[in-house]
Amino acid sequence: MKMRKIALAGFAAAFLLPALALAQQVSEQRIINGLAKLQGAAPIVDVELLRQEAMNGSGKEMSGLPNWSKVARLPQMVVEIAFANDSVAIEPESYRTLGMIADALHHPNLWAYKFLVVGHTSSTGSDQHNLDLSQQRAEAIKEILSTTFAVDAGRLYAVGVGEYFPIEGSKSEAANNRRVQLYNLGVFTKKP
């Protein structure tokens, strides 16, 4: 079965830059350092609005969309997760990476925060298919982190944006657009 790779691009404080599309080694400490850089209170982000903006904002840069411009200012990282071709099945070799992410989210520097998991695809396939697949992949990562690695599901939010936000400067069908991003959404407070 042919595998798809989501390129590890690295960390960025604002927007993805072409240079970040280059593969980098991921480690628990790198994840902690990248996601813990939240300065001040995070803006309130409505995940459903993000989804709607992504669907309606194709062809625009993330920074041009009201809610995505808030998210883009948050600490983030891009991580390599391998899925089976056109599937939400996570390949076994990616569980080590997921374990490092989970360990980082359990670390004292990050345990009090909530996170947004954003799934992306390349432009191969229809817009709707890519949007659905990216949503399912983001949800699959959320589920694995919560069920296998005991990360509180209430701290995790998943949204798929399909092919709508390709890495700047890359072709939309390029494999490195099949990526997953994590964003620190700020302090997690349980509902009363």
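Student: What percentage of the 192 residues in the protein do buried residues make up?

Tutor: Buried residues make up 51% of the 192 residues in this predicted model. The protein exposes about 9,100 Å², of which carbon and sulfur atoms supply 54%.

Student: Which secondary-structure elements does the protein have, and in which pattern do they follow along the sequence?

Tutor: The protein has 5 helices and 7 strands. Read along the sequence, their pattern is β-β-α-α-α-β-β-α-β-α-β-β.

Student: What makes the pair Arg51 and Glu48 a salt bridge?

Tutor: The term requires a side-chain nitrogen of Lys or Arg within 4 Å of a carboxyl oxygen of Asp or Glu. In the pair Arg51 and Glu48, the closest N and O atoms are 2.5 Å apart, so the pair meets the definition. The structure holds 1 salt bridge.

Student: How are Arg51 and Glu48 placed relative to each other in helix α2?

Tutor: Arg51 and Glu48 are 3 residues apart in helix α2 (residues 47–56), and therefore about one helical turn separates them. In general, an α-helix has 3.6 residues a turn, so residues three or four places apart point the same way.

Student: Why is Arg51 called buried, and what is Glu48 called?

Tutor: Buried means under 20% relative accessible area, and exposed means over 50%. Arg51 has a relative accessibility of 19%, so Arg51 counts as buried. Glu48 has a relative accessible area of 40%, and therefore Glu48 is called partly exposed.

Student: How do you know that the span of helix α5 is close to the expected one?

Tutor: Helix α5 (residues 127–147) has 21 residues. The expected span is 1.5 Å times one less than the number of residues, which for α5 is 30 Å. From its first C-alpha to its last, α5 reaches 30 Å, close to that expectation.

Student: Which residues of α5 are buried?

Tutor: Among them are Leu131, Leu133, Gln135, Arg137, Ile141, Ile144 and Leu145.

Student: Why is Gln135 called buried?

Tutor: Gln135 is found in helix α5. Its relative accessibility is 12%; the limit is under 20%, so Gln135 counts as buried.

Student: What makes the pair Gln135 and Glu139 a polar contact?

Tutor: A distance of 2.8 Å joins the two side chains.

Definitions and conventions:
Residues are numbered from 1 along each chain as its sequence is written. This is a predicted model: local features need pLDDT of at least 70, side-chain atom pairs count only at pLDDT 80 or more; totals for chains, interfaces and linings use all residues. Side-chain values use heavy atoms; hydrogens and water are left out. Helices (H or I, at least four residues) and strands (E, at least two) are DSSP runs, numbered from the N terminus. Buried means under 20% relative accessible area, exposed over 50%, partly exposed in between (1.4 Å probe, protein chains only). Accessible areas come from the Shrake-Rupley method with a 1.4 Å probe; for residues, only the protein chains shown count as cover. A polar contact is a pair of N or O atoms within 3.5 Å; within protein, one must be able to donate a hydrogen and the other to accept it, and residues adjacent in sequence count only if both atoms are side-chain atoms.
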